[in-house]
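Look at the structure first, then read on.

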Amino acid sequence: MSTMAENESAARTLYQRKAMLRTAVLAERDALPLPLRKERSRAIVGTITALPGFRGARSVLLTSSFGSEVETGELIAQTLASGKTLLLPRVNKESRMLELYGIADPESQLARGTYGIAEPRPERCRCAAYGEVEWVLVPGVVYADDGFRIGYGGGYYDRLLPLLPAATPRVSAAFQLQRRSEVPHGVHDQKIGMVVTESGVYRVGVPETAR
Ligand SMILES: Nc1ncnc2c1ncn2[C@@H]1O[C@H](COP(=O)(O)OP(=O)(O)OP(=O)(O)O)[C@@H](O)[C@H]1O
Ligand SMILES: [Mg+2]
């Protein structure tokens with residue numbers, strides 16, 4: 001087999017391994033009863049808002065939660081109440097990039113967009129620069145102890161994260177059931193630095209016993 005064919009076959013296998021794990025963990029997450037999802041989301045948001053990195057950030061890039069994700073509504077509300085600049089992403093399908101916008105009033109500035117997610121309405125928002133982000137919440141499906149993650153398969157955060165300031169903390173909010181010791185990853189996959197679950201804070205590179 002030629003090297004090119006080998007590369008293609010390896011990429012397909014990686015794609016399939018990610019897809020299988022993504023499907024399995026999504027099914028587990030979807031099965032979490034709503035009251036538990038709400039209770040655990042509250043605990044996770046409480047932990048995030050107490051993180052020094054989050055507290056010190058003037059401008060934070062969050063996500064509007066959808067489906068069975070950790071609910072971010074309260075995190076968004078607290079961000080605005082604390083006087084921070086709230087940034088939310090919008091999917092640009094043509095460029096395959098995330099555009100960032102400043103949001104002061106979610107009620108009037110957001111609308112259901114791609115995948116049914118509440119996204120900024122560009123005509124009603126200030127367009128923000130990637131360099132403004134001082135703290136980022138990275139969405140996803142599966143999280144490994146070494147910082148690698150599996151998202152929804154678009155590669156949007158893999159393309160966004162390298163454009164953010166190097167010092168910007170990359171944090172994910174997830175249920176404990178979304179954690180695995182390892183996940184398959186390729187050259188484009190970007191690591192995060194921390195996962196916050198209902199059980200606590202998991203920093204990449206810090207042994208479990210030292211936490
Ligand atoms: N920086 C990049 N440049 C070019 N292609 C990329 C880059 N990052 C990711 N991709 C491509 O995007 C596709 C989806 O990547 P992947 O399966 O890792 O998505 P994901 O991590 O689950 O999604 P997301 O980052 O949106 O959460 C893959 O084909 C991957 O090769
Ligand atoms: Mg990826």
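Is Arg96 buried or exposed? Arg96 is exposed, with 11 other C-beta atoms within 10 Å. Here a residue is buried if 20 or more other C-beta atoms lie within 10 Å of its own, exposed if 12 or fewer, and partly exposed in between, with C-beta atoms placed from the backbone.

The model is predicted: local features need pLDDT of at least 70, side-chain atom pairs count only at pLDDT 80 or more, and totals for chains, interfaces and linings use all residues. Residues are numbered from 1 along each chain as its sequence is written, while chains are lettered from A and ligands numbered from 1 in the order in which they are written.

Arg96 sits in the loop between strand 2 (85–92) and strand 3 (97–103). Helices (H or I, at least four residues) and strands (E, at least two) are DSSP runs, numbered from the N terminus. Arg96 is not a glycine, yet its phi is positive, about 55°. Most residues other than glycine have a negative phi.

Strand 10 (residues 170–173) is covered on both faces: Arg170 and Ser172 on one side, and Val171 and Ala173 on the other, are all buried. Its pairings are listed below; two strands pair if DSSP finds at least two bridges between them.

| Partner of strand 10 | Bridges and sense |
|---|---|
| Strand 7 (residues 135–137) | two bridges, parallel |
| Strand 12 (residues 194–197) | three bridges, parallel |

Arg170 is the bridge partner of Val136, and Ala173 stands opposite Val196 in strand 12.

Helix 6 (residues 156–160) gives the largest share of the shell around ligand 1, four residues.
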